[in-house]
Amino acid sequence: MKKLFLAALFTVIAVFTAACGTSSSEEGENQVIKVGASPVPHAEILEEAKPLLKEKGYELEIVEFTDYVLPNKSLEEKEIDANYFQHIPYLESQKAEHGYDFVNAGGIHIEPIGVYSKKYKSLEELPEGATIIMSSSVADHGRMLSMLEEKGLIKLKDGVEKTEATIDDIAENPKNLQFKADIEAPFLTKAYENNEGDAILINGNFALDAGLDPSKDAIALESPKDNPYVNVIAVRSEDKDSEKIKALVEVLQSEEIKEFINSKYQGSVIPAAE
């Protein structure tokens with residue numbers, strides 16, 4: 001009887017120990033936040049957030065992506081907990097196209113899109129029939145065309161949803177600008193270096209990644225006022241209320257990170273309103 005009692009006791013202890021070990025392991029795993037991000041400025045901002053998250057008990061692991069497709073696929077496949085690379089209109093278009101069950105967990109920053117030219121120093125200098133190079137991504141066209149409309153170069157058709165506008169939606173084009181949209185966004189900086197076209201519209205992150213300073217090198221910058229193109233933390237819907245996602249967004253929207261963004265990027269990247 002004594003042997004049976006001891007055997008049973010050891011079994012209970014073993015099961016309890018194993019259960020505690022599993023619980024501890026799972027708890028440790030839950031303290032890691034894995035975020036997919038573009039190298040600049042997203043990964044740089046996340047690096048600055050690491051010690052702040054550490055204070056909250058979380059280890060931040062950054063997975064860098066250099067395209068706009070894999071970060072959402074990786075999030076869908078649960079290889080990462082969140083991604084930080086896309087603005088709201090792009091997120092919504094990807095959800096509609098691929099059926100992703102993602103939500104915006106919080107806006108972090110805006111990257112004003114810029115017009116760059118090696119030939120001209122202002123938009124006013126652009127000649128009749130000037131060639132304007134844009135991204136081949138139709139999701140970017142509404143933003144770029146809205147910027148050109150804001151600057152007075154074109155006018156879009158009445159009633160057109162600005163974020164969804166295309167070249168076909170141009171109603172007025174006084175300078176008869178010619179639009180070329182067959183270059184993928186990451187390669188627009190190469191076209192600029194090769195002096196292609198008369199002016200090139202380049203996304204802020206790609207400009208920064210290529211060593212350009214949008215606030216100094218662009219001949220015109222998109223206005224941040226009422227700008228819908230806020231870069232956000234995207235997560236699976238099931239995780240939107242998780243404590244680690246809340247901690248991640250809280251840190252990225254903190255005054256410390258806002259001050260870092262303003263100091264490092266000098267207007268080329270702007271903190272978003274929460």
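Val 32 stands opposite Glu 59 in strand 2. Strand 1 (residues 32-37) and strand 2 run parallel and are joined by six bridges. This is a predicted model, in which local features need pLDDT of at least 70 and side-chain atom pairs count only at pLDDT 80 or more, while totals for chains, interfaces and linings use all residues. Residues are numbered from 1 along each chain as its sequence is written, and side-chain values use heavy atoms, with hydrogens and water left out.

**Two sheets**

- Strands (E, at least two residues) and helices (H or I, at least four residues) are DSSP runs, numbered from the N terminus.
- Two strands pair if DSSP finds at least two bridges between them.

**Salt bridges across the chain**

- A salt bridge is a side-chain nitrogen of Lys or Arg within 4 Å of a carboxyl oxygen of Asp or Glu. The whole structure holds 15 salt bridges.
- For the next points, buried means under 20% relative accessible area, exposed means over 50%, and partly exposed is in between (1.4 Å probe, protein chains only).
- Lys 34 and Glu 61 form a salt bridge at 4.0 Å, N to O. Lys 34 is in strand 1 and Glu 61 in strand 2, so this pair ties together parts 27 residues apart in sequence. Lys 34 is partly exposed at 28% relative accessibility, and Glu 61 is partly exposed at 37%.
- Glu 250 and Lys 56 meet in a salt bridge at 2.9 Å, N to O. This pair links Glu 250 in helix 9 with Lys 56 in the loop between helix 2 (39-55) and strand 2, 194 residues apart. Glu 250 is partly exposed at 48%, and Lys 56 is partly exposed at 38%.
- Asp 198 and Lys 119 join in a salt bridge at 3.7 Å, N to O. Asp 198 lies in the loop between helix 6 (188-193) and strand 10 (199-202), and Lys 119 in the loop between strand 5 (114-116) and strand 6, so the pair ties together parts 79 residues apart in sequence. Asp 198 is buried at 13%, whereas Lys 119 is partly exposed at 40%.

- Helix 9 (residues 243-252) is mostly covered, with seven of its 10 residues buried. Among them are Ile 245, Leu 248 and Val 251.
- Ala 105 sits in strand 4 (residues 102-110) and is partly exposed at 26%.
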